[in-house]
Amino acid sequence: MIALITTPAHNIPYLFAAFAITWAVFFVYVFFTSRRQDELEQEMESLREEMRGRDGDGDGGGM
Amino acid sequence: MASVANSARGGLRWNIALVAMAAVMVANMFFTFMFAPTEATSGHVQRIMYIHVPMAWLAFLAFFVVFCGSIMYLWKRTAKWDDLASSAAELGIIFTTLVLITGPIWAKPTWGVWWTWDARLTSTLVLWLIYVGYLMLRAYSANRSQGARFSAVLGIVGFIDVPIVYFAVDWWRTQHQRLVLGGLSLEGDLHPDMRLALLVSVIAFTLLFGFLLRQRVSLKRVERGVREMREDAEFMAEGQR
């Protein structure tokens, strides 16, 4: 069993650094994945437009 | 109409799960900083354990998902297993990176050095390198199916290092602390309140892992959809020329 005492204050920056870095890594990861999601949705929309346009041209050419 | 209702219900369930995860994470912060007692010799810095140990557990879990996903991919050859394995590998690397960052931050004030080449630390670094290699293999393969196949083999073989990392402190004389999680950990090593705080932290971060894995797998699916649409668009453009 570990005896409980008060803490040496000079260790606090290490504790802060460990938690701050961990959460920063998670936020950066979520930021980049959601940005990638937005980019893909935009690309999907522009591809849809392009294909719709080509379909329209193809129909027009056949008439 | 039914599918719209199902999708709305799915969205609601997902939002409830997100709120629950946020609540557990807040509880985790309370247990880490307010509830858990301060350790006698190293002081507050020992609270790094509540983030370092869950990161290590999640790295093992993520690489176990890679292992299972890779076996399923080689067996079934369906893209969903490859998506699952590669998403879990990415997350496993993030968790291992965090283990390799938080570990030295904890080691410096307690051991007096940032790093030592003992069995636990070295095998963890090797684990990180194996799965960085996994992602590089995918990125530099001649085509996607070859990359998926080769990386699946590495995902299975590389998992051998996970038990080595876990048992390293038992098999070799190391500077690293004994096991604090799992069947081989010693009950008397941790104060019961510390054990409870650690358990809450493990649960909270496991929920976060579930959320991130789900997001990453669905992003992989969208990437695949966009790639297929791009190929269709190129095919149509060729046909019209």
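Tutor: The following account concerns the packing of two helices in chain B. The model is predicted, so local features need pLDDT of at least 70 and side-chain atom pairs count only at pLDDT 80 or more, while totals for chains, interfaces and linings use all residues. Residues are numbered from 1 along each chain as its sequence is written, and chains are lettered from A and ligands numbered from 1 in the order in which they are written.

Chain B has an average pLDDT (the predictor's confidence in each residue, from 0 to 100) of 88, and 91% of its residues score at least 70.

Helices here are DSSP runs (H or I, at least four residues), numbered from the N terminus. Helix 3 of chain B, residues 79–111, packs against helix 5 of chain B, residues 144–157, at an angle of about 55°, and their axes lie 11 Å apart. Axes are lines fitted to C-alpha atoms, for helices over the stretch in contact, and angles run from 0 to 180 degrees between N-to-C directions. Helix 3 of chain B is therefore oblique to helix 5 of chain B; angles under 35 degrees count as roughly parallel, over 145 as roughly antiparallel, 65 to 115 as roughly perpendicular and the rest as oblique.

On the side of helix 3 of chain B, the contact (C-beta atoms, placed from the backbone, within 7 Å) involves B:Asp82, B:Ala85, B:Ser86 and B:Ala89. Helix 5 of chain B contributes B:Ala148, B:Ser151, B:Ala152 and B:Gly155.

Key
Two residues are in contact if their C-beta atoms, placed from the backbone, lie within 7 Å.
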